[in-house]
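My entries follow in the order I looked things up.

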Amino acid sequence: MEHLERCAWFLRGTLVRAAVRRYLPWALVAAMLAGSILKELSPLPECYLSNKRNVLNVYFVKLAWAWTVCLLLPFIALTNYHLTGKAGLVLRRLSTLLVGTAIWYVCTALFSNIEHYTGSCYQSPALEGIRQEHRSKQQCHREGGFWHGFDISGHSFLLTFCALMIVEEMAVLDEVKTDRGHHLHTAITTLVVALGFLTFIWVWMFLCTAVYFHDLMQKVFGTFFGLLGWYGTYGYWYLKSFSPGLPPQSSSLTLKQDTYKK
């Protein structure tokens, strides 16, 4: 437990700062551009992480939204109920996960449609011998072809959105004070460590995507939609009274509780 406490203390000091929430979006944009330029001008040699079948990609990134929801749901429930004591406010805050799910679903469906309507089926990865008879990606792959269209980076979108959402929700830790011997303290500490490591995995895999996969504009659009989903919610809508609201934090806790009641 002592090692868990130390790890949680480090992660709280690293991810809960207001400066992290302020500068992380810009850091992600800079990393995406720098990685993309490196990919174009001086490609790094192939390695384990450049293989789409690597463990982090298969078992974490491809299930990124599921991992994020599974850890944020108990974290939001426990921390918000500890601070407010009101089940209604907790349910209202948990609805952020429904909003996030809707954003994830709409964006991924949009990306898929864009790739479909801008793509064509080819006989080889070198884009030779177009197959006019195959009008969809599924049919093309089923017949052994290779579909090529404008494939907006779903990884860039989802990893950006998930990392920023976790950091926003962890801001509540500025207000959470629990007794070390209490079961609630153990549960929150464990979730802090899990969410912290998950955030580092998302940022690391975002960098790998920038360096090894997709074209520049595909990553630009993917990152843009991730930032748009984050800012449209936490930077705009959640400031309104008719929204799930922001996590209770800083000295304005009482004011925010009153806002939620309106």
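**Burial and overall build**

I started with burial: 45% of the 262 residues in the protein are buried. I keep in mind that this is a predicted model.

Next I looked up the secondary structure. I found 10 helices and 2 strands. Reading along the sequence, I noted the pattern α-α-α-α-α-β-α-β-α-α-α-α.

I then took the extents. The C-alpha trace spans about 65 × 40 × 30 Å along its principal axes. For the surface I got an accessible area of about 13,900 Å², with 65% of that belonging to carbon and sulfur atoms.

I checked contact range as well. Of the contacts between residues at least 6 apart in sequence, 77% join residues at least 24 apart.

Charges came next. I counted 23 positive and 16 negative side chains. The centres of these two sets lie 7 Å apart.

**The core**

Which residues have the most contacts inside the largest nonpolar core? I listed Leu72, Phe75, Phe157, Met170, Leu173, Val192 and Trp202, in a core of 59 residues. The helices that each supply at least two residues of this core are α1 (2–15), α2 (18–41), α4 (64–84), α5 (87–118), α7 (154–170), α8 (183–212) and α9 (216–236). Helix α8 gives the largest share, 12 residues.

Setting aside residues up to four places away in sequence, Phe75 touches Glu169, Met170, Val172, Leu173, Leu191, Val192 and Leu195. Met170, Leu173 and Val192 are also among the core residues with the most contacts.

Is threonine 79 buried or exposed? I count Thr79 as buried because its relative accessible area is 0%, against a cut-off of under 20%. Thr79 lies in helix α4. Its side chain makes a polar contact with the side chain of Asn80 at 3.3 Å. Beyond its neighbours within four places in sequence, Thr79 is in contact with Val172, Val176 and Ile188. Val172 is touched by Phe75 too.

I moved on to Asn54, in the loop between α2 and α3 (55–59). Its relative accessibility is 1%, so Asn54 also counts as buried. What does its side chain reach at 3.1 Å? I found the backbone nitrogen of Leu56 there. With neighbours within four places left aside, Asn54 is in contact with Tyr48, Leu49 and Met205.

Methods: Residues are numbered from 1 along each chain as its sequence is written. This is a predicted model: local features need pLDDT of at least 70, side-chain atom pairs count only at pLDDT 80 or more; totals for chains, interfaces and linings use all residues. Side-chain values use heavy atoms; hydrogens and water are left out. A nonpolar core is a set of buried Ala, Val, Leu, Ile, Met, Phe, Trp, Tyr and Cys residues joined through side-chain atoms within 4.5 Å. Buried means under 20% relative accessible area, exposed over 50%, partly exposed in between (1.4 Å probe, protein chains only). Helices (H or I, at least four residues) and strands (E, at least two) are DSSP runs, numbered from the N terminus. Contact means heavy atoms within 4.5 Å. Accessible areas come from the Shrake-Rupley method with a 1.4 Å probe; for residues, only the protein chains shown count as cover. Lys and Arg count as positive and Asp and Glu as negative; His and the chain ends are not counted. The place of a charge is taken as NZ of Lys, CZ of Arg, CG of Asp or CD of Glu. A polar contact is a pair of N or O atoms within 3.5 Å; within protein, one must be able to donate a hydrogen and the other to accept it, and residues adjacent in sequence count only if both atoms are side-chain atoms.
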